[in-house]
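Subject: Structure for your review

Dear colleague,

Please find below the structure that I am handing over to you. My findings follow it, and I would be grateful if you could read them with the model open.

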Amino acid sequence: MAKVPAAAVAASGLVGGYAVARWTRKRPLGGVALAAAGTVAAYQWNRQAGPRAAVGLTTAYVAAFAGSHPLAKKVGAWPAVFAVAGSVAAASWAVTRRAA
C-alpha cells in the first residue's frame with residue numbers, strides 16, 4: 001500500500017474537516033475529521049522527524065485551524081481554509097524533508 005505523505009494528511013484534515021462541518025451542518029463531525037487527520041499526521045511526523053518536530057507541527061496544525069477563523073472574515077471561508085492548509089503542508093514538507 002502506498003504511503004500518504006504527512007503533509008497531504010495534514011492539509012486534507014484541515015480541508016476535509018471544514019468540508020464535513022459545512023456540508024453536514026454538524027460542526028462536531030467536522031472536528032472529528034480534523035482530529036483524526038491531525039492524529040495520523042502527528043504519528044507520521046513523530047516517526048519521520050522525531051517528537052520535537054511532531055509537537056511543533058501539531059502546534060502549527062492547531063494554530064492553522066484557529067487562525068483560519070479570523071482569516072475567513074477577511075478573505076472568505078474556502079480561501080482561508082486552503083491558505084492555512086497550504087501553509088501547514090509546506091511546513092510539514094520542509095521539516096520531514098530535512099529529517100529524511
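Does Leu14 count as buried or exposed? The model is a predicted one, and in it Leu14 counts as buried, because its relative accessibility is 5%, under the 20% limit for that class. Leu14 belongs to helix α1. Apart from neighbours within four places in sequence, Leu14 is in contact with Leu34, Tyr61, Ala64, Phe65, Val81, Val84, Ala85 and Val88. Pro28 lies 14 residues from Leu14 along the chain, and the C-alpha atoms of the two are separated by 14 Å.

Overall architecture

The protein chain contains 4 helices and 0 strands. Read from the N terminus, the order of elements is α-α-α-α. The radius of gyration of the chain is 13 Å, close to the 13 Å that the globule rule gives for 100 residues, so the chain is as compact as a globular protein of that length. The C-alpha trace spans about 40 × 30 × 20 Å along its principal axes.

Of the 100 residues, 33% count as buried. The accessible surface of the chain amounts to about 6,200 Å², and carbon and sulfur atoms account for 68% of that surface.

Helix α1 and the residue after it

Helix α1 covers residues 6-24. Its 19 residues should span 27 Å at 1.5 Å a residue, and the end C-alpha atoms are 26 Å apart, which agrees. The buried residues of α1 are Ala6, Ala7, Val9, Ala10, Ala11, Gly13, Leu14, Gly17, Ala19 and Ala21. As a general point, an α-helix has 3.6 residues a turn, so residues three or four places apart point the same way.

Arg25 follows α1 and is placed in the loop between α1 and α2. Although Arg25 is not a glycine, it has a positive phi of about 60°. Arg25 counts as exposed because its relative accessibility is 76%, over the 50% limit.

Helix α2 covers residues 27-49. At 1.5 Å a residue, its 23 residues should span 33 Å; the end C-alpha atoms are 32 Å apart, in agreement with that expectation. Gly30, Leu34, Ala37, Gly38, Ala41, Ala42, Gln44 and Trp45 are buried in α2. Just after this helix, Gly50 adopts a positive phi of about 100°.

How are α1 and α2 arranged, and at what angle do they pack? Their packing angle is about 175°, and their axes are 7 Å apart. Helix α1 is therefore roughly antiparallel to α2, since angles over 145 degrees fall in that class. On the α1 side, the contact is made by Ala6, Val9, Ala10, Gly13, Leu14, Gly17, Val20, Ala21 and Thr24. On the α2 side, the residues making it include Gly30, Ala33, Leu34, Ala37, Ala41, Gln44 and Trp45.

Ala80 is located in α4. With a relative accessible area of 0%, Ala80 is buried. Not counting residues up to four places away in sequence, Ala80 touches Ser68, Leu71, Ala72 and Val75. Ala80 and Val15 are 65 residues apart along the chain, with their C-alpha atoms separated by 9.9 Å.

Ala72 is 14 residues from Gly86 in sequence and 15 Å from it in space, C-alpha to C-alpha.

Ala89 is a further residue of α4. Its relative accessible area of 17% makes Ala89 buried, because the limit is 20%. With neighbours within four places in sequence left aside, Ala89 is in contact with Ala7 and Ala11. Ala89 and Ala11 are 78 residues apart in sequence but 5.6 Å apart in space, C-alpha to C-alpha.

With kind regards

Technical notes. Residues numbered from 1 in each chain as written. Predicted model: local features only at pLDDT ≥ 70, side-chain atom pairs only at ≥ 80, totals over all residues. Heavy atoms only, no water. Helix = DSSP H or I, 4+ residues; strand = E, 2+ residues; numbered from the N terminus. Expected span 1.5 Å × (residues − 1). Buried < 20%, exposed > 50% of the residue type's maximum accessible area, 1.4 Å probe, protein only. Rg over C-alpha atoms; globule rule 2.2 N^0.38 Å. Areas by Shrake-Rupley, 256 points an atom, 1.4 Å probe, with all protein chains shown as cover. Axes fitted to C-alpha atoms, helices over the stretch in contact; angles between N-to-C directions. Parallel < 35°, antiparallel > 145°, perpendicular 65-115°, else oblique. Contact = heavy atoms within 4.5 Å.
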